[in-house]
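Subject: Handover of a structure

Dear colleague,

Please find the structure below.

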Amino acid sequence: MRLPIKTAIYLSLASLFIAFAGVFTLNWFIHKSMIHEIDEILVSHLELVESKLKELPKNQISLLDIDDNPHVEMVSPNINIEPIFTDTTEIDLVLHEPTPIRVLKTTIATPYHNFLVTVKQPYAEFEEIATKLSVGVGVCFLVLIFLMLLLNFLVYRQLWKPFYRIIDKLRAYQISKQSETIFEKESTEEFNLLSQTLQQMTERIGQQFRLQKQFTENASHEIQTPIAVISLSLDSLLQSENLPEKDLMELQKSTEALQKISQLNKSLLLLTKIENNQFSEAVQVDMSKLLENLLNTYQTFAEHREITIFTNIQAYQVLSINPYLAEILVGNLLKNAIRYNQKQGTIHCTLQNNKLTISNKGEVLPFASEQLFQRFVKHPNHPESTGLGLAIVRQIAECYALKLHYEFNAATSEHTFEVSW
Amino acid sequence: MKILLIEDEPSLLASMQRFLENEGNIVSSASTFQQALEKVNDYDYDCVVVDITLPDGNGLAIIQDLKKRNKSVGIIIVSAKNSLDDRLTGLDLGADDYLTKPFHLAELNARIKSVLRRRLFDGKTKITFDVISISPENQQVNIHDEIVELTAKEYELLLFFISNKNRILSKSIIAEHLWGDSMDLADSHDFIYTHIKNLRKKLIEKGCPDYVKTRYGAGYIFTEKP
């Protein structure tokens, strides 16, 4: 969920709570002050009544009144009630519905009589105003928050633009690409900090990576000469006439191990070179022709293992690729299909609509299929393999943005490799 | 044949020199760029084997120089770099072949012989070994004037054997010669065995003695000797 949406959700939840609580508190507060004001009105009303009552002659015991407010009655002189406020409801005479009323009751002693006086003040209207006011304030608050969020949303888009710019660059960043990714200066301090830090980091990583690549390449080159020396020495030893069979076997083992080192070295060097994009000149390669040539090369090898190859090749399927790498790509896949095939197995080789499919019979992989294209992952039955063939295939596919796909069909026990472009 | 070896690694140079001298060649050597230029200036060679990564210069310059003064000299580049660019530049400059380190002496020998055949005799010379005679121009093999039908690989195999007669050739050397990088070591052993078996059968059928001797644990040797 995006940051502004999350912010909006949290803020609206909080503000809803604040609005509710606020409406009730405000309402309670207004009610309180209103009652206070009403009480003041009642007290002054009572004072008026008191002064009126005290001026009354002895024989008059009532004030002129149309709505029985104040209500005055005579009580025995020994009753003395202190002023007391009460709340009650009465049926409104006009509206015919219960309405809240504030009542003040007390006894007033005049020189002649003792009166019990009750003054009332209905306050339904005040209550209504209080409710309207507090709800109004609550609604205003919510509207304000909503407008704020909307504004925040718009501002967010503008403010976070550099962030997304940086993310896009990071996403496009490839360590193997020689071209340097430049993180520009940003006007927002925080983003500028992020940008500059990333810039330094990528520069450092890039340099480290280049050094490492250089090392691999140099090491591989330097190793070739001593290997050549050992190889020649072993060969001349092999030619000596008076070596016993046991020693010859040892020599042979050394020669083969050395050859494997050399092969590994060459393959690693090739991988490094592909990674370094040192095979730049891509030309239009007729993959159909290339595939047919390679099939020809491996035909005898397949026959030797009694493997039948079925082909379905559409003429002139062109791919823009370095021809040497194209040969390695297809060659490695073919070699793989022959080597890991069953005896008297089959290979189906199809090249159509820019899609090359090579499938061979074979047992299910002894490791997870995701590991298949990793370096040095070998089939336990073939420990002598370098474990680099398919890694090279993947590297080439990555280099030219070809789609590489592997699938195993358990029903027909068929491994299928697919390269499309 | 007069051969010049240009190589900066002394032990490699010594092995190559000893080997080629045993093959009956007159071999000179140079281990620096300067030395190589002097030798190339002063003498004529039939074939020059040049390592293009020399400490004090690029071997490609020597090739240019060689080509300017002597059109017919055979040139084989040896390099630790299996670089397509270097290979193409070298071949463009007029080199005949390109060998990547590490290589086998038998392989170097076969390449030198092939270059010399092409250079000196326009490939028209016949290669003979006892009763076998080969015409490289049309890849025809005769035994007692009778044509032997060989597959392309069997022909290459026979030629490699004859170029390196009386030498023990291990299966891996043979495999590398026949298949180069296109076949991994592990796959090729029994495959090579089948090829050799077929070649042997075809030669014996035409009344040829069995020249291919097996050296257990080591490989094969092609020899007239029993």
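**Findings**

The buried residues of H1(A) pack against strand E3 (98–109) and strand E4 (114–122) of chain A. Here a residue is buried if 20 or more other C-beta atoms lie within 10 Å of its own, exposed if 12 or fewer, and partly exposed in between, with C-beta atoms placed from the backbone. Helices (H or I, at least four residues) and strands (E, at least two) are DSSP runs, numbered from the N terminus.

The model is a predicted one: local features need pLDDT of at least 70, side-chain atom pairs count only at pLDDT 80 or more, and totals for chains, interfaces and linings use all residues. Residues are numbered from 1 along each chain as its sequence is written, while chains are lettered from A and ligands numbered from 1 in the order in which they are written.

The buried residues of H1(A) are Leu42(A), Val49(A) and Leu53(A). This helix, residues 3–55 of chain A, has 53 residues and spans 76 Å from its first C-alpha to its last, close to the 78 Å expected (1.5 Å times one less than the number of residues).

Chain A as a whole contains 8 helices and 11 strands. Of its 421 residues, 20% count as buried. Among contacts in chain A with a separation of 6 or more, 67% join residues 24 or more positions apart; two residues are in contact if their C-beta atoms, placed from the backbone, lie within 7 Å.

Two further helices of chain A, H6 (residues 287–304) and H7 (residues 323–339), have axes that come within 10 Å and cross at roughly 35°. Axes are lines fitted to C-alpha atoms, for helices over the stretch in contact, and angles run from 0 to 180 degrees between N-to-C directions. The residues that meet include Leu290(A), Leu294(A) and Phe301(A) in H6(A), and Val330(A), Leu334(A) and Ile338(A) in H7(A). By class, this contact has 11 nonpolar, 1 polar and 2 charged residues (Ala, Val, Leu, Ile, Met, Phe, Trp, Tyr, Cys and Pro count as nonpolar, Asp, Glu, Lys and Arg as charged, and the others, Gly among them, as polar).

Between the chains, the contact takes 35 residues from chain A and 31 residues from chain B. On the side of chain B, helix H1 (10–22) and helix H8 (185–205) each supply at least two residues, and H8(B) gives the largest share, 5 residues.

Yours sincerely
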